[in-house]
Amino acid sequence: MNRNRLTGSVLALIGIAVLIMAKDLSAPVIEHDPGPRFFPSIAAAGLIICGLFILVQPQKRTEPFLTPEGWRRMGWMAVLLIGYTLGLIYSGFLIATPIALYITIRMMGQPKSKYLTTVVVSLAVTFIVYYVFQELLMVILPSGVW
Amino acid sequence: MLVLAEAFKMVVQQPIMMILVFIGSLIGLVFGAIPGLTATTGVALALPLTFALNPEMGMALLIGIYVGGISGGFIAATLLGIPGTPASIATCFDAYPLSQQGQPVKALGIGVIASFIGTLGSIICLIYIAPVVANIALKLSPFEYTSLMFCALTLIATLAREEPFRGLASGFLGILLGTIGIAPIGSTLRFTFGMVPLSAGINLLALILGVFAIKQICVDHAEDKPIPQVDLKVTGLGIGIGEIVDNAWNIIRSFFIGLWIGFLPGMGAGVANLIAYAQAKSSSKHPEKFGKGAAEGIWASEVSNNAAIGGAMIPMLSLGIPGDSVTALLLGGLMIHGLIPGPLLYIKQPKLVNSIFGILAIAAVICLVICYLGMRLFPRVLTIPRYYLYPVLMVLSYVGAFASNNYSFDFWIMLLFALVGLIMDITKMPMSPMILGFILGPMVEENLRRALTYSSGSWLPFITRPVSAVLLSIAVFSIISSIIKMRRNRVLQGNQSALA
């Protein structure tokens, strides 16, 4: 399937899904108010129409977005981000951040990043960010659940 | 000018006031420059400190943070492609590409001058036309507001002239995203799928950090592009007078858009920059250069967001109605000391009102000086190896997403929108209409529903009320002119390819 057909179909399907979900929204409580389903329904209808127009547009020749190697790097980045998010939620900022920083710097900087420098940078950035935000600016950082 | 000069003198003669404005501006610039921290956060954090100060001193600190916070947003937008605050979203579109082309000093120079022009000009308007403009605002009803927002929404057609259906689809997606959470008027929960944190809607900061910061980090890492050669040589302000003269009309138009949007309650710099950017693109002789480092786009965004400062202060001081979230906090700062902003403030506290004018002007000058001196330092960020810079940005993005609501749920929202941004890049869907739809959509809905309730369901007042009719005509004209320009461009492109 070409990119236009895929994009158009997905957009139209999102619009249809919103229209179906909007039907279940409650009726207006105030007289003459079009109610909470009115506005999303209009936007969903607009999305469906645009999706259909995109679907029938002829596909222009396009370069691949990323090389296979690029997609592999993107995949590892996604794993790291999900891991860091879970780490922040469960173990908190002070534990998750230096580990995430170390892995990211090593992953992005291979082979230039050095082991010892990476450890020092990871720890220093974590404590500076923690001190500036939590202590100076009084911005709460995730403390974990354990 | 006499009033401004007097106000300026009044503040300069008190060293403690000058120190407070300086500290406030510096804090504001830092907050503005760090992605995820906004002027609102800065003012909110500093508000308790003003308990111990007198009203003038309190305002010196708070207004300094406000002006600095809005002005500083362009630094991260220019150098990192991440808007420091929502007020600088549109700055990213052109300042970052210009910076990546090796001209960060020029991009920053435009940001510095544009911010100064926007702030100072809006202060002058605040002093001289505040009561007149405030009176007009009182006469606006939900009909006019709906038409105005609709007029702003039609700019989506301008933002996406190259790919109109993709642009409109992106705008509709943004509008739909804006409907998530508690609906206006009846407070019905919409599309939350039982997730409590979604009741308040999608966190704008998490969305911005996802689509701009996290997505950009991932794409740059995946593409493994070399670091661009950066021109760090700074002469003067990084730009010439000719550049300002060439953009004079763009500056004036963006200034009035910013002033007007800032002055309307509930809108503010976050909306003003997107609308001014779209208008600049619509009126440009070279709209195809937008998004690729066009100086016009940076001027429009940065003049308008700073002009919104004075704009938002007009209803706050004249009527006691805040124009945006920061002025709501400033209002709180005055009320803490038993002062009620409104027409009586001008009569009962003329010294305080004059001090506020002076503080605003001095904060603008201080931001200009700090940013000017910093222009020699800021672009060096681009020479830091990416494998150190990007991990730090990743951590700051997480902190920013968490800071506004203290919900770990916002981490997932940020990641989700990084994925959405990536899919939109792959499918060549423009990002700016989605942001505009997301910000304006809820405002259009609320005013439209309110208007229809007032008119017993009749749509006629939208065209029978003069101001509303004019605004709707502008909207229709904007759509038609976009279609004509789009067709003309296609014919031109067709002719060029035939000649080739």
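Predicted model: local features only at pLDDT ≥ 70, side-chain atom pairs only at ≥ 80, totals over all residues.
**Figure 1. An aromatic pair between A:Tyr84 and B:Tyr398.** A pair of aromatic rings is described by the distance of the centres and the angle of the planes. In the pair shown here, the rings of A:Tyr84 and B:Tyr398 lie 4.6 Å centre to centre, with 65° between the planes, an edge-to-face arrangement. Because A:Tyr84 belongs to helix H3 (residues 68-91) of chain A and B:Tyr398 to helix H18 (residues 386-403) of chain B, the pair joins two chains. A:Tyr84 has a relative accessible area of 2% and is therefore buried. B:Tyr398 is likewise classed as buried, at 1% relative accessibility.

Figure 2. With a relative accessible area of 13%, B:Phe93 is under the 20% cut-off and so counts as buried. B:Tyr277 is also buried, its relative accessible area being 4%.

**Figure 3. A cluster of rings from chain A and chain B.** Ring pairs connect A:Phe38, B:Phe143, B:Trp459 and B:Phe462 into a cluster.

**Figure 4. A salt bridge between B:Arg449 and A:Asp33.** The two side chains meet at 2.8 Å, N to O. Between chain A and chain B the count is two salt bridges. Ten residue pairs are found in polar contact across this interface, both residues of each pair being at pLDDT 80 or more.

**Figure 5. The side of chain A that touches chain B.** The elements of chain A that contribute two or more residues to this side are helix H1 (3-23), helix H2 (38-56), H3, helix H4 (93-109) and helix H5 (115-136). H3(A) gives the most, with 13 residues. By class, this side of chain A comprises 46 nonpolar, 15 polar and six charged residues. The contact as a whole takes 67 residues from chain A and 64 residues from chain B. About 5,800 Å² is buried between chain A and chain B, and carbon and sulfur atoms give 81% of that area.

Definitions and conventions. Residues numbered from 1 in each chain as written. Chains lettered and ligands numbered in written order. Heavy atoms only, no water. Phe/Tyr/Trp six-rings, centres within 6.5 Å; stacked < 30°, edge-to-face > 60°. Helix = DSSP H or I, 4+ residues; strand = E, 2+ residues; numbered from the N terminus. Buried < 20%, exposed > 50% of the residue type's maximum accessible area, 1.4 Å probe, protein only. Contact = heavy atoms within 4.5 Å. Buried area = accessible area lost by both parts, 1.4 Å probe. Salt bridge = Lys/Arg side-chain N within 4 Å of Asp/Glu carboxyl O. Polar contact = N/O pair within 3.5 Å; in protein donor to acceptor, adjacent residues only side chain to side chain. Nonpolar A, V, L, I, M, F, W, Y, C, P; charged D, E, K, R; others polar.
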